[in-house]
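Please keep the sequence and the structure in view while reading.

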Amino acid sequence: MTARPPHGVSRRRAAAALASLPLAAAAAPAAFARSAGTTSVSTLYIAGDSTAAQKYADAAPETGWGMALPFFLHRRLPVANHAMNGRSSKSFFDEGRLAVILEAIRPGDRLLVQFAHNDEKSADPARYTEPWSTYQEYLMRYVDGARSRGASPVFATAVERRKFDAGGNALPTHGDYPAAMRALAKAEDVPLLDVQALSLALWQKLGVEETKAYFNWTATEQDNTHFNPPGAIAVARLVAAELLHRRVLAPRDVRRLDDAIPESWITWPEGP
């Protein structure tokens with residue numbers, strides 16, 4: 001489909017929806033605590049799905065890229081990873097998970113938003129959004145919510161799945177969702193990390209067999225969506241490099257972009 005300008009995005013509707021957000025919301029990871037009397041620090045919040053989410057011991061070796069992102073950021077820039085398995089831009093909002101972030105986010109913080117994997121599930125009305133209408137409308141709620149609190153929204157197109165054709169060509173799997181996010185980012189002047197394009201190029205470079213070492217392939221599972229430690233580290237490196245390239249972060253905010261990161265740095269805590 002040819003990219004069209006954002007359709008059906010209403011700031012008034014988004015603002016009204018934000019006003020009606022529940023204060024008591026579903027459980028989410030605790031935001032970075034700012035101690036009274038200390039200097040505030042900038043925090044990077046992540047709103048997203050299972051590809052970014054924190055994983056626990058019962059899911060190992062599955063690893064969200066958000067778990068590896070702090071390895072590439074300066075210690076003074078903490079990451080509050082609110083990404084949650086199975087959520088779309090709609091269900092994350094409807095469950096009050098954005099409300100939790102907005103209760104904690106402060107001026108100068110950044111809200112990194114990555115959704116599409118579950119927005120695509122047309123058979124599930126609780127999660128499905130249409131790329132050129134409801135998907136963009138829900139994304140605007142994250143934009144307006146962050147900006148209303150003096151924080152900066154940042155979009156990240158959805159990381160690609162592992163899919164190849166018979167000729168060994170890496171195939172895109174997200175339909176119009178990346179194009180819809182790109183169009184909205186341009187229209188609303190939101191920095192865009194094009195993780196979909198970058199990850200697709202990386203999978204193409206690695207090829208059919210080598211990419212298996214980056215996804216959650218085990219003796220009992222062949223998962224072409226979620227990552228193991230090498231895959232999460234590789235995608236987090238892409239995200240951190242894009243945060244620098246798009247001037248969301250300054251050079252002093254990032255580190256180790258060209259360094260090997262040991263897989264042993266990834267740990268899976270016991271369940272929340």
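## The second largest pocket

Helix 2 (65-68) and strand 2 (79-81) each supply at least two residues of the lining of the second largest pocket, where helices (H or I, at least four residues) and strands (E, at least two) are DSSP runs numbered from the N terminus. The model is a predicted one, in which local features need pLDDT of at least 70 and side-chain atom pairs count only at pLDDT 80 or more, while totals for chains, interfaces and linings use all residues. Residues are numbered from 1 along each chain as its sequence is written, and side-chain values use heavy atoms, with hydrogens and water left out.

The lining is made up of Gln54, Gly66, Met67, Pro70, Phe71, Val79, Asn81, Trp265, Ile266 and Thr267. A pocket here is an open set of points on a 1 Å grid over the protein atoms alone, where a 1.4 Å probe fits and protein lies on both sides within 12 Å along at least five of seven lines; lining residues have an atom within 4 Å of a point. The space in this second largest pocket is about 170 Å³, a volume being the space filled by probe spheres set on the points. Sorted by class, its lining holds 6 nonpolar, 4 polar and no charged residues (nonpolar: Ala, Val, Leu, Ile, Met, Phe, Trp, Tyr, Cys and Pro; charged: Asp, Glu, Lys and Arg; polar: the others, Gly among them).

## A buried helix and a buried side chain

Helix 4 (residues 97-104) is largely enclosed by the rest of the structure, because 6 of its 8 residues are buried (buried means under 20% relative accessible area, exposed over 50%, and partly exposed in between, with a 1.4 Å probe and protein chains only). The buried residues are Arg97, Leu98, Ala99, Ile101, Leu102 and Ala104.

Phenylalanine 72, in the loop between helix 2 and strand 2, is buried too, with a relative accessibility of 0%. Although phenylalanine 72 and leucine 238 are 166 residues apart in sequence, their C-alpha atoms are 9.9 Å apart in space.

Two packed helices are described by the angle between their axes and the distance between the axes. The axes of helix 5 (residues 131-148) and helix 6 (residues 177-188) come within 10 Å and cross at roughly 45°, which makes helix 5 oblique to helix 6. Axes are lines fitted to C-alpha atoms, for helices over the stretch in contact, with angles from 0 to 180 degrees between N-to-C directions; angles under 35 degrees count as roughly parallel, over 145 as roughly antiparallel, 65 to 115 as roughly perpendicular and the rest as oblique.

For helix 7 (residues 195-210) and helix 8 (residues 229-245), the axes come within 10 Å and cross at roughly 135°, so these helices are oblique to each other.

## Backbone details

The peptide bond from alanine 60 to proline 61 is cis, with omega near 10°, and proline 61 belongs to the loop between strand 1 (44-48) and helix 2.

Aspartate 189, in the loop between helix 6 and strand 5 (192-193), has a positive phi near 55° without being a glycine, and its relative accessibility of 66% makes it exposed. Arginine 247, in the segment after helix 8, is not a glycine but has a positive phi of about 60°; arginine 247 is exposed, with a relative accessible area of 76%.
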